[in-house]
Amino acid sequence: MDSTDRPSPVFLVMLDGIGDRPWPVLGDRTPLAAASTPNLDAIAARSATGILHPLGPGRAPGTELAHFVLFGYPAAWYPGRAVLEAAGAGLAVTASHVVIHAIFATVRREPDDTLSIVERYPVWPEAKVSHMAQTLQPLVHGGLRVALTHTGGAEAIVTVEAVDETARPSTDVTDTDP
């Protein structure tokens with residue numbers, strides 16, 4: 001194969017999460033439309049640009065699923081964000097685990113005994129978050145073992161696995177932020 005047979009290199013720029021709504025204060029433009037973007041404009045002028053609908057028009061998947069499909073994997077194979085993050089953190093995950101992505105936050109107890117999030121992704125020293133995570137020893141209850149592993153910043157992975165033959169962790173976990 002000579003150099004003329006090789007495909008050209010590709011530089012892919014995904015402006016994931018940059019979408020927004022028009023704002024009256026910006027003259028009914030989106031923040032991106034109102035921003036000065038000479039470098040992006042120069043790249044776009046020399047490029048092919050477009051909008052990707054990874055699951056088809058009208059379906060807006062989360063970032064992780066969209067990237068998974070963009071890289072050529074079928075959506076049905078998507079194991080979930082937490083499984084990918086656990087693998088990236090070097091955790092051994094099997095089909096018998098339920099894996100959950102967790103974020104440390106500060107909360108306030110309300111008069112009705114509910115909790116309200118005060119600060120999401122608190123800016124604490126890494127050592128403080130790591131220490132807090134280490135003090136949360138795995139919990140064994142009802143035949144299940146629940147463990148938290150700090151993965152960096154204010155993020156962690158929670159794993160749930162059966163420790164006796166009669167228990168089975170439920171996959172009925174929603175991604176709704178409380």
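This tour goes from a helix to a sheet and then to a nonpolar core. The model is predicted.

**Helix α3**

Select residues 63-70, which form helix α3. Colour L65, A66, F68 and V69: these are its buried residues. They sit on the same side of α3, because they cover an arc of only 160° around the axis. Then step to G72, which follows α3. Its phi is positive, near 100°.

**The sheet**

Next, show the strands β1, β6, β5 and β4. In that order, these 4 strands form an open sheet with antiparallel pairing. Look at the edges: β1 and β4 (139-141) each pair on one side only. Neighbouring strands here are turned by 25° against each other on average, direction ignored.

Zoom in on β4 and on β5, residues 144-152. The two run antiparallel and are joined by 3 bridges. Pick V140 and you will find R145 of β5 opposite.

Bring α4 back into view. This helix packs on the sheet and touches β1 and β6. The direction of α4 makes about 85° with that of β1.

**The core**

Finish with the largest nonpolar core. Select V98, A102, F104, V129, A133, A154, A156, V158 and V160, its 9 residues.

Stop at A133. Leaving aside residues up to four places away in sequence, A133 touches F104, L148 and H150.

Conventions
Residues numbered from 1 in each chain as written. Predicted model: local features only at pLDDT ≥ 70, side-chain atom pairs only at ≥ 80, totals over all residues. Heavy atoms only, no water. Buried < 20%, exposed > 50% of the residue type's maximum accessible area, 1.4 Å probe, protein only. Arc of directions from axis to C-beta. Core = buried A, V, L, I, M, F, W, Y, C linked by side-chain atoms within 4.5 Å. Contact = heavy atoms within 4.5 Å. Pairing = 2+ DSSP bridges. Axes fitted to C-alpha atoms, helices over the stretch in contact; angles between N-to-C directions.
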